[in-house]
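Here is a short briefing to read alongside the structure.

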Amino acid sequence: MSTDCQPPAASPSAAIEVSPPFSKRRVDRIDEPARPLGAKRAALQLRRQSAPLAAEAKAQRTSTGERTLASRDATVEFALRATAFGLLIERTQRQAVGTRLVQTMVFEDQSTFDRWCDSEPMRFEDPMLYDRLRREGHEALGGQR
């Protein structure tokens, strides 16, 4: 056993050329500014943004048997109507641009309506609208509270 700690003889290493780091990142098409909208798309975008104003106008034109309640910004709207089967509620939720969610529910009695009201998120977002919704719903279901 040898105590000599010399590395074995090796061939001289070839010089490795390393390219300098890139100073500029390549610009892709996705990095460019967005194209302007065409005439049709711009008109559609404008119409969607003004949709809450149209919803307020629609709420004033409803029939006498239907009550319509809307939030201040008209993003959520409730249409209440008493029917032979119970209370029909149509809940419409709009976004400024994009989707619209419409839910239709029928409540046969006041206890199921109260249970739904207890889980309605509008009680935190707009308590005044929530209170009007409960009052109008109880009135339409028979006037009992």
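In this predicted model, E120 sits in the loop that joins α3 to α4. Although it is a loop residue, E120 counts as buried, with a relative accessible area of 3%. Beyond its neighbours within four places in sequence, E120 is in contact with F78 and R91.

**The chain as a whole**

- The protein chain has 5 helices and 4 strands.
- Reading along the sequence gives the pattern α-α-β-β-β-β-α-α-α.
- Of its 145 residues, 24% count as buried.
- Among contacts with a separation of 6 or more, 34% are between residues 24 or more positions apart.

**The sheet**

- The 4 strands form an open sheet in the order β1-β2-β3-β4, and the pairing is antiparallel.
- Which strands stand at the edges? They are β1 and β4 (100-107), each with a single partner strand, so one side of each is left without a neighbour in the sheet.
- From one strand to the next, the twist averages 15°.
- For a spot to look at on screen, take R67, whose bridge partner in β2 is L80.

**The aromatic residues**

- The structure holds 4 aromatic pairs.
- In one of them, the rings of F78 and W116 have their centres 6.3 Å apart and their planes at 80°; planes over 60 degrees apart count as edge-to-face, so this pair is edge-to-face.
- Why does this pair tie together parts that are 38 residues apart in sequence? It does so because F78 lies in strand β2 and W116 in helix α3.
- F78 and W116 are both buried.
- W116 also pairs with F107: the ring centres are 5.4 Å apart and the planes stand at 40°, so this pair is tilted.
- With a relative accessible area of 8%, F107 is buried, and W116 counts as buried at 13%.

**Helix α5 and how it packs**

- α5 has 14 residues and reaches 20 Å from its first C-alpha to its last, close to the 20 Å expected at 1.5 Å a residue.
- Its buried residues are L129, Y130, L133, R134, G137 and H138.
- In general, an α-helix has 3.6 residues a turn, so residues three or four places apart point the same way.
- What do the buried residues of α5 pack against? They pack against β1 (66-70), β2, β3, α3 (110-119) and α4.
- The helix α5 lies across β1, β2 and β3, running at about 170° to β1.
- After α5 comes G142, whose phi is positive, near 140°.

- D126 is placed in the loop between α4 (122-125) and α5 (127-140).
- Is D126 buried or exposed? With 9% relative accessibility, D126 counts as buried, because buried means under 20%.
- Leaving aside neighbours within four places in sequence, D126 is in contact with S71 and R72.
- F85 is found in the loop between β2 (76-83) and β3 (86-94).
- At 68% relative accessibility, F85 counts as exposed, because exposed means over 50%.
- F85 still has contacts beyond its neighbours within four places in sequence, namely V106, F107 and E108.
- F85 and D109 are 24 residues apart in sequence, with their C-alpha atoms 9.4 Å apart in space.

Notes. Residues numbered from 1 in each chain as written. Predicted model: local features only at pLDDT ≥ 70, side-chain atom pairs only at ≥ 80, totals over all residues. Heavy atoms only, no water. Helix = DSSP H or I, 4+ residues; strand = E, 2+ residues; numbered from the N terminus. Buried < 20%, exposed > 50% of the residue type's maximum accessible area, 1.4 Å probe, protein only. Contact = heavy atoms within 4.5 Å. Expected span 1.5 Å × (residues − 1). Phe/Tyr/Trp six-rings, centres within 6.5 Å; stacked < 30°, edge-to-face > 60°. Pairing = 2+ DSSP bridges. Axes fitted to C-alpha atoms, helices over the stretch in contact; angles between N-to-C directions.
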